[in-house]
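Keep the viewer open and follow along.

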Amino acid sequence: MANIFLLFACVLASQVIGGLNTKLPPPSYGNTITILSIDGGGIKGIIPSVVLERLENALKIVSNDEKAAVADFFDVISGTSTGGLIAAMLAAPNSNDPTRPASTAAEILKFYLEFGPSIFNQTSAIGWNQTSPRPKYNGKFLHDKAREILKESRLHDTLTNLVIPAFDILKVHPVIFSSFKIEEVPSLDAKLSDISIGTSAAPTLLPPYYFKDGDREFHLVDGGVAAGNPALVALSEVAQQLNSKNPDFIRVKNSNEPIKIVLLSLGCGRLVPPGVDARIAHLLSAVQWIPLGVLGLATAAADMNEYHLASVFPDLPSSENYYLRVEEYNLDPSIGFDDTSKESLEKLVKAGEDLLEQTVKTLDVTSFVPHEKPSEGTNDEALKRLARFLYIEKVLRLKTKSMEKGGRPFVA
């Protein structure tokens, strides 16, 4: 305990020389890689926005810095669909101060509440049904807002590494817009506005998005087609950096030092789809199978994502890695992907606030049923602990970086 007090005393002293206002040094200056992942879910992006606002407030308190932002503390931020838009807003530089993000977590929540009804404009959807030869919404308002907020920023401009999946319907394969790939594949260094519009182009709801960057053409739809939960995509990008012995990720002087991975994964709320008795399922028509298949595939993909993550984050006391999944596993089924009524928006904010007070849950990857982890406390308590950890990790990296450069010690 005395060491903890000493560390915080050192941290307080370090603030005097302004070290915490600098960009997060690479993981090689510490022993931990920190990842934030945000699911897709349309207007339900309100739920992770509520959680992110609480996390950002905790980071401001622990760092004693009102300008502290999420991107200051994570090595990688990954997002799909609405989560991709959130990720870009968190990591894009602010045009007035390039060291600060385009949007704070609180501003992102306000964005959804203020502009959600215009993005999913119910008036323009009058007369639309699933047989209409057009998407339900024209997407123009979302496109304009994305360009207004993200300006001309490109992937290489971000405050931290971004990993955002989309799906190219012409080439029929995923496109992973990754900060780690832009030197190898320069065409991926697209405008963040184009990336955000592409990853959030949900089929049937918003139009597929075409844009050209240099000589490369993109024909994109929602990243959820490839990965509704992008946590594994982000982990794969990190694993590739470790395998290639990227010096930003592995310390050259001690390459055998164990690497710890900390992953915060935020969901947009899961619906429990209705089951079907196999003894009567043979009576269903092909048309009746379609909605069941869509819901079933989405649920199966989410469960399998957790199944694979369990290999990296075993639920064991001895595990060095840490994984926190903040998800509402039984969301009110009346809340739709594009329901922006006042009642729905209020329900989503309350769902996010209630989620923070729930006990931390983990998904049993044998039964695929979530269960509580009382030892972890509530999600709010877990986020506050994580904020303290992220802050200390940044302080240690700044200290190590300063010492290795042979300069004045970061902490006297």
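Helices here are DSSP runs of H or I with at least four residues, strands are runs of E with at least two, and both are numbered from the N terminus. The model is predicted: local features need pLDDT of at least 70, side-chain atom pairs count only at pLDDT 80 or more, and totals for chains, interfaces and linings use all residues. Residues are numbered from 1 along each chain as its sequence is written, and side-chain values use heavy atoms, with hydrogens and water left out.

Start at helix α2, residues 46-63. After α2 comes N64, with a positive phi near 55°. The expected span of a helix is 1.5 Å times one less than its number of residues. For the 18 residues of α2 that gives 26 Å, and the end C-alpha atoms are 26 Å apart, so the two agree. α2 is also mostly covered, with 14 of its 18 residues buried. Buried means under 20% relative accessible area, exposed over 50%, and partly exposed in between, using a 1.4 Å probe and protein chains only.

Move on to helix α3, residues 82-91. Here 10 of 10 residues are buried. Among them are L85, I86, M89 and L90.

Next, a helix pair. Two packed helices are described by the angle between their axes and the distance between the axes. Axes are lines fitted to C-alpha atoms, for helices over the stretch in contact, and angles run from 0 to 180 degrees between N-to-C directions. The axes of α7 (residues 231-243) and α9 (residues 286-312) come within 10 Å and cross at roughly 35°. Which residues meet in this contact, taken as heavy atoms within 4.5 Å? From α7 they are A231, L232 and L235; from α9, N305, H308, L309 and V312.

Now the rings. Rings of Phe, Tyr and Trp (its six-membered ring) pair if their centres lie within 6.5 Å; planes under 30 degrees apart count as stacked, over 60 as edge-to-face, and the rest as tilted. The structure holds 11 aromatic pairs. One of them, F120 with Y137, is edge-to-face, at 5.4 Å centre to centre and 70° between the planes. Both residues lie in the loop between α4 (105-119) and α5 (140-150), so the pair ties together parts 17 residues apart in sequence. Both F120 and Y137 are buried.

F211 and F218 are stacked instead: 4.7 Å centre to centre, 15° between the planes. F211 is buried at 5% relative accessible area, and F218 is buried at 0%. Finally, F111, Y112, F115 and F141 form one aromatic cluster.

Notes. Contact means heavy atoms within 4.5 Å.
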